[in-house]
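Colleague: Hi! Could you walk me through this one? I have not looked at it before.

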Amino acid sequence: MENIKKLAQLLAESKDTLVLTGAGVSTESGIPDFRSPDTGLWSQMDPMELLSRSALSRNPANFWTRSEPIFREMSTAQPNSCHYALARLEEKGLIRGIVTQNIDSLHQRAGSKCVLEVHGHLRTAHCPSCGAETHMPPLLDRVATGDSPPRCSCGVVFRPDVVLFGDPLPDAFQRAWQWARVCDLLLVVGSSLEVAPVCWLVPAASKLAIINMGETQCDDLAEVLIRGKAGEILTKLVKEAEELLQARP
Ligand code: NAD
């Protein structure tokens, strides 16, 4: 609890706080992360192999058929108390916005307005040839009923609007980099910080706080380090921070 109070104090003092989230903020919504022992996707398959640009071009039917249940689970999950707490912090002016590695859109669905998706999202897919855009749910239904790989009317296979392993850096990363360099405080929630280039944002920030269940690459750099479930901790953090705001003259 002491660390939560300390973090609330840092939030209240900071003029520009940026939050960086990873798959750990969505495990309480039922979406597995990559690296948690036993429950992470990595314990069932190699996401770097399946969710890669080369897997899509080498065997698009296999890519779509194997990704469909994963994408569907991510697209239909509901926000949890961590997503709502972060939306509340933004509403109260205590954070500037969120840079997320997640592709599940749960921050926006919980009410967060300023969200930078550095790995894309699962709301749409597009045709790499003619550029036609399509919503993901009907595309996933096509795959589930055997129409795999799903093709555009021009004949080319659709690709999801997510950043696949092997894709070039998205433009959003440059903006995230600018934000991280100027913020007073970077609060990391639910990320192992093992995925580059997002982990490079961390040393760019002047002050760091981390909320995560497991160890991260950057624990040694954190001014405040809180181990535990993001939903529980963020809910307490909002309460503490709001009390500090109310106590201000
Ligand atoms: P990661 O799997 O490498 O790390 C997740 C971290 O979250 C772990 O260290 C774990 O200890 C922690 N964690 C798990 N549940 C938690 C909880 N309830 N509260 C606090 N911490 C918790 O994930 P990453 O660092 O985000 O990197 C993996 C990549 O996978 C990202 O690029 C992301 O795009 C992608 N991914 C996204 C989703 C999603 O959109 N929901 C899901 C899986 C993977």
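Modeller: Happy to; we can start with the ligand and then turn to the aromatic rings. This is a predicted model, where local features need pLDDT of at least 70, side-chain atom pairs count only at pLDDT 80 or more, and totals for chains, interfaces and linings use all residues. Residues are numbered from 1 along each chain as its sequence is written, and side-chain values use heavy atoms, with hydrogens and water left out.

Colleague: Which residues come nearest to the ligand?

Modeller: R35, Q101, D104, S191 and S192, out of 29 residues around the ligand. A residue counts as near if one of its heavy atoms lies within 4 Å.

Colleague: And what is the make-up of that shell, nonpolar, polar or charged?

Modeller: There are 10 nonpolar, 14 polar and five charged residues.

Colleague: Okay, how far is S191 from an oxygen atom of the ligand?

Modeller: A polar side-chain atom of S191 is 2.7 Å from that oxygen. A polar contact is a pair of N or O atoms within 3.5 Å. The side chain of E28 has an N or O atom 2.8 Å from a ligand nitrogen, and a polar backbone atom of M213 lies 3.1 Å from a nitrogen of the ligand.

Colleague: New topic: how many aromatic pairs are there?

Modeller: Four in the whole structure, counting Phe, Tyr and Trp rings (the six-membered one for Trp) with centres within 6.5 Å.

Colleague: Is F63 buried or exposed?

Modeller: Buried, because its relative accessible area is 1% and the cut-off is under 20% (1.4 Å probe, protein chains only).

Technical notes
Polar contact = N/O pair within 3.5 Å; in protein donor to acceptor, adjacent residues only side chain to side chain. Nonpolar A, V, L, I, M, F, W, Y, C, P; charged D, E, K, R; others polar. Phe/Tyr/Trp six-rings, centres within 6.5 Å; stacked < 30°, edge-to-face > 60°. Buried < 20%, exposed > 50% of the residue type's maximum accessible area, 1.4 Å probe, protein only.
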